[in-house]
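Student: I am new to this structure. Can you show me how to read its features, one at a time?

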Amino acid sequence: MTSAVQSPYSSEQISAWLRGLLTIAWADGNFDEQEKQLITSITQEKLNPGMNVESFEAITPEELAAVFGKSTPIAENFLRTAVMVAIADGIYSPSEDELLHKLCEALGEPENLLESLRQTLENPQPAEASTGVASPLKPPGKPPIEALNPLRDWLDGLNIEDPKVAHFLCKMIPSQCPFERDVKLFGRKIVHIPPLCKLNPLYEQLVGLRFRALSYLADDCQEDISEYI
């Protein structure tokens with residue numbers, strides 16, 4: 001069912017928003033076949049039906065700033081969702097870190113919000129010296145996890161106000177940890193890998209954001225959300 005809720009954002013802003021989130025998702029270029037299918041689905045459904053995902057054109061921070069403006073509420077909310085997409089798989093890569101810092105600069109948002117997140121890289125480096133090698137986020141309990149509290153509070157300040165953005169987040173943030181699985185050899189289980197995403201220090205923010213997006217679609221937009229549950 002198509003939502004009748006009126007978005008506070010223009011179609012140009014939403015198109016730029018979704019292109020920006022896909023640009024973040026595409027940043028490290030490290031996709032398995034399932035992830036490629038997911039991004040293809042999102043691109044074709046939300047941006048350009050029939051579009052070949054291989055020809056997807058990333059949007060630049062400067063282009064986003066031209067649409068959102070600097071230090072505006074929409075710029076801040078976009079950046080919140082961009083951070084969420086970057087960490088949704090439990091991996092925060094130097095290439096994602098570099099792009100997010102460029103977005104902060106272009107959109108007039110304080111880069112210090114991301115400094116604590118940068119420190120979760122196993123081998124943190126300045127953005128300009130990024131190697132592009134992804135590293136898992138450090139688990140809770142290790143320094144500097146407590147330093148992430150301001151970032152957690154900032155991320156929790158995101159309000160869901162557009163159906164297309166809500167659908168995007170529900171698709172990008174998995175309903176259950178994608179890393180929990182059994183490893184089998186010759187048909188016999190040799191090891192069980194636990195739900196590693198629960199070691200993500202921002203796991204609760206991801207779960208909370210997905211829940212708010214689902215609630216918005218169900219309660220405000222009166223949409224069927226069974227496909228996401």
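Tutor: Start with one term: contact means heavy atoms within 4.5 Å. Keep in mind that this is a predicted model. Now take Trp 154. Leaving aside neighbours within four places in sequence, Trp 154 is in contact with Glu 76, Leu 79, Arg 80, Val 83 and Leu 113.

Student: Where is Trp 154 found?

Tutor: Trp 154 is found in helix H7.

Student: Does Trp 154 count as buried or exposed?

Tutor: Use the cut-off. Buried means under 20% relative accessible area. Trp 154 has 8% relative accessibility, so it counts as buried.

Student: How far apart are Trp 154 and Gln 205, in sequence and in space?

Tutor: They are 51 residues apart in sequence. From C-alpha to C-alpha, they are 10.0 Å apart in space.

Student: Step back to the whole chain. How many helices and strands does the secondary structure come to?

Tutor: It comes to nine helices and four strands. Along the sequence, the pattern is α-α-α-α-β-α-α-β-α-α-β-β-α.

Student: What percentage of the residues count as buried?

Tutor: Of the 229 residues of the chain, 47% count as buried.

Student: How are two packed helices described?

Tutor: By the angle between their axes and the distance between the axes. Here is a case. Helix H1 (residues 11-25) and helix H3 (residues 61-68) pack at an angle of about 155°, with axes 10 Å apart. H1 and H3 are therefore roughly antiparallel to each other. In passing H3, H1 makes a left-handed crossing.

Student: Which residues meet in the contact of H1 with H3?

Tutor: H1 brings Glu 12, Gln 13, Ala 16, Trp 17, Arg 19 and Gly 20. H3 brings Glu 63, Leu 64, Val 67 and Phe 68. By class, this contact of H1 with H3 has five nonpolar, two polar and three charged residues.

Student: Pick out Gln 13 in H1. Does Gln 13 count as buried or exposed?

Tutor: Gln 13 counts as buried, because its relative accessibility is 18%. Not counting residues up to four places away in sequence, Gln 13 touches Val 67, Phe 68 and Ile 74.

Student: Which residues of H8 and H9 meet?

Tutor: Pro 163, Ala 166, His 167, Leu 169 and Cys 170 come from H8. Leu 209, Arg 210, Ala 213, Leu 214, Tyr 216 and Leu 217 come from H9. The contact of H8 with H9 divides into nine nonpolar residues, one polar and one charged.

Student: What do nonpolar side chains tend to do?

Tutor: In soluble globular proteins, they tend to be buried together. In this chain, the largest nonpolar core has 58 residues. Trp 17, Phe 68, Phe 78 and Leu 100 touch the most other members. Helices H1, H3, H4 (73-87), H5 (94-107), H7 (149-156), H8 (163-172) and H9 (203-220) each supply at least two residues of the core. H4 gives the largest share, ten residues.

Student: Which residues is Phe 78 in contact with?

Tutor: Setting aside neighbours within four places in sequence, they are Trp 17, Gly 20, Leu 21, Leu 64, Phe 68, Leu 103 and Leu 107.

Student: And Leu 117: is it buried or exposed?

Tutor: Leu 117 has a relative accessible area of 0%, so it is buried. Its place is in helix H6 (residues 115-118). Leu 117 and Asp 97 are 20 residues apart along the chain, and their C-alpha atoms are separated by 8.5 Å.

Student: Where is the place of Gln 222, and what is its phi near?

Tutor: Gln 222 is in the segment after H9. Its phi is near 55°, a positive value in a residue other than glycine. Gln 222 is exposed, with a relative accessible area of 53%.

Conventions: Residues numbered from 1 in each chain as written. Predicted model: local features only at pLDDT ≥ 70, side-chain atom pairs only at ≥ 80, totals over all residues. Heavy atoms only, no water. Axes fitted to C-alpha atoms, helices over the stretch in contact; angles between N-to-C directions. Parallel < 35°, antiparallel > 145°, perpendicular 65-115°, else oblique. Left-handed = near helix turned anticlockwise from the far one by under 90°. Nonpolar A, V, L, I, M, F, W, Y, C, P; charged D, E, K, R; others polar. Core = buried A, V, L, I, M, F, W, Y, C linked by side-chain atoms within 4.5 Å. Buried < 20%, exposed > 50% of the residue type's maximum accessible area, 1.4 Å probe, protein only.
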